[in-house]
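Here is a short tour of one protein chain, written for someone who likes to check coordinates. Please keep the viewer open while you read.

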Amino acid sequence: NVDRPGSVRSLAELEMIPGAAVAVAEINRKGFGVLVVTNQACVARGELSIEELGSIHAEIERQVAESGGRIDGWYVCTHGDGDRCDCRKPAPGLIFRAQRDHGFASTDTWMIGDAMRDIQAAEAAGCRPGLVLTGKGRTFPCQLPSEAVFEDLSDFARSLRSSGENDPTR
């Protein structure tokens with residue numbers, strides 16, 4: 001979704017990045033699953049209930065399904081910034097939980113994000129980090145090689161080879 005100051009705190013505030021749902025469908029068609037790993041401290045702050053968060057996720061899933069794709073799982077940290085949990089990115093706890101649930105090898109897995117904490121979580125979990133230049137992605141200097149930096153999720157999806165190969169075709 002489009003990055004906003006704070007968080008998306010209601011279904012009315014949800015705005016999908018153009019092309020993102022179609023990109024998820026393309027990733028799926030190429031033989032990949034899609035898992036979402038997200039920090040949602042707005043729940044801990046009382047700005048959003050877990051039920052409202054579920055409605056937002058359901059709408060994202062609906063839009064992705066309407067484009068022919070699917071999200072295979074949601075991994076959500078609802079703790080606050082100071083809670084010192086192992087699941088809030090940049091900690092890798094949610095990635096490890098997803099790995100246990102879905103049986104993927106982290107070294108064969110891309111983690112795409114738009115924030116430094118996404119890149120740090122990917123590296124801590126042994127995943128291949130990828131940066132999209134949407135949202136926060138344009139605001140920090142990146143030390144990733146150019147083949148791991150993408151204009152948006154559609155750019156990443158186009159770079160993937162089919163048959164589960166995880167190297168971009170660039």
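The report below goes from the whole chain to its sheet, a helix, a loop and a pair of cysteines.

## The chain as a whole

A word before we start: this is a predicted model. The chain has 6 helices and 5 strands. If you walk along the sequence, these elements come in the pattern α-β-α-α-β-α-β-α-β-β-α.

How does the radius of gyration compare with that of a compact globule? For 170 residues such a globule would have a value near 15 Å, and the chain has 15 Å, so the two agree. Along the principal axes, the C-alpha atoms fill a box of roughly 45 × 35 × 35 Å. Of the 170 residues, 43% count as buried. The accessible surface comes to about 8800 Å², and carbon and sulfur atoms account for 48% of that area. Contacts across the sequence are worth a look too: taking those between residues at least 6 apart, 53% join residues at least 24 apart.

## A sheet of three strands

Now to the sheet. Strands E3, E4 and E5 form an open sheet in the order E3-E4-E5, with parallel pairing. E3 and E5 are the edge strands, each pairing on one side only.

On one side, E3 (residues 110–113) pairs with E4 over 4 bridges in the parallel sense. Two residue pairs let you find this pairing in the viewer: Trp110 has Arg128 of E4 as its bridge partner, and Met111 has Pro129 of E4.

Is E4 largely enclosed or largely open? In this strand (residues 128–132), 4 of the 5 residues are buried, so the rest of the structure largely encloses E4.

E4 also takes part in a β-α-β unit. The path goes from E3 over helix H5 (residues 116–125) to E4, and the unit is right-handed.

Helix H1 (residues 20–29) is mostly covered, with 7 of its 10 residues buried. Which residues are they? They are Ala20, Ala21, Ala23, Val24, Ala25, Ile27 and Asn28. Just after H1 comes Gly31, with a positive phi of about 95°.

## Backbone details in one loop

The loop between strand E2 (73–77) and helix H4 (93–102) is the place of Pro90. The peptide bond from Lys89 to Pro90 is cis, with omega near 25°. If you plan to build on these coordinates, that is the bond to look up.

Arg84 is found in the loop between E2 and H4 as well. Its phi is near 55°, a positive value in a residue other than glycine. Is Arg84 buried or exposed? Its relative accessibility is 81%, and exposed means over 50%, so Arg84 counts as exposed.

How many disulfides does a search of the whole structure find? The count is 0. Cys77 and Cys87 show the reasoning well. The closest cysteine sulfur to that of Cys77 is in Cys87, at 3.4 Å, which is too far for a bond. The cut-off behind this step is 2.5 Å between the two sulfur atoms. Starting from Cys87 leads back to Cys77, again with 3.4 Å between the sulfurs.

Both side chains can be judged for burial as well. Cys77 has a relative accessible area of 0%, so it is buried. Cys87 has 5% and is buried too, because buried means under 20%.

Notes:
Residues numbered from 1 in each chain as written. Predicted model: local features only at pLDDT ≥ 70, side-chain atom pairs only at ≥ 80, totals over all residues. Heavy atoms only, no water. Buried < 20%, exposed > 50% of the residue type's maximum accessible area, 1.4 Å probe, protein only. Pairing = 2+ DSSP bridges. Right-handed = clockwise from strand over helix to strand, strands pointing away. Rg over C-alpha atoms; globule rule 2.2 N^0.38 Å. Contact = heavy atoms within 4.5 Å. Areas by Shrake-Rupley, 256 points an atom, 1.4 Å probe, with all protein chains shown as cover.
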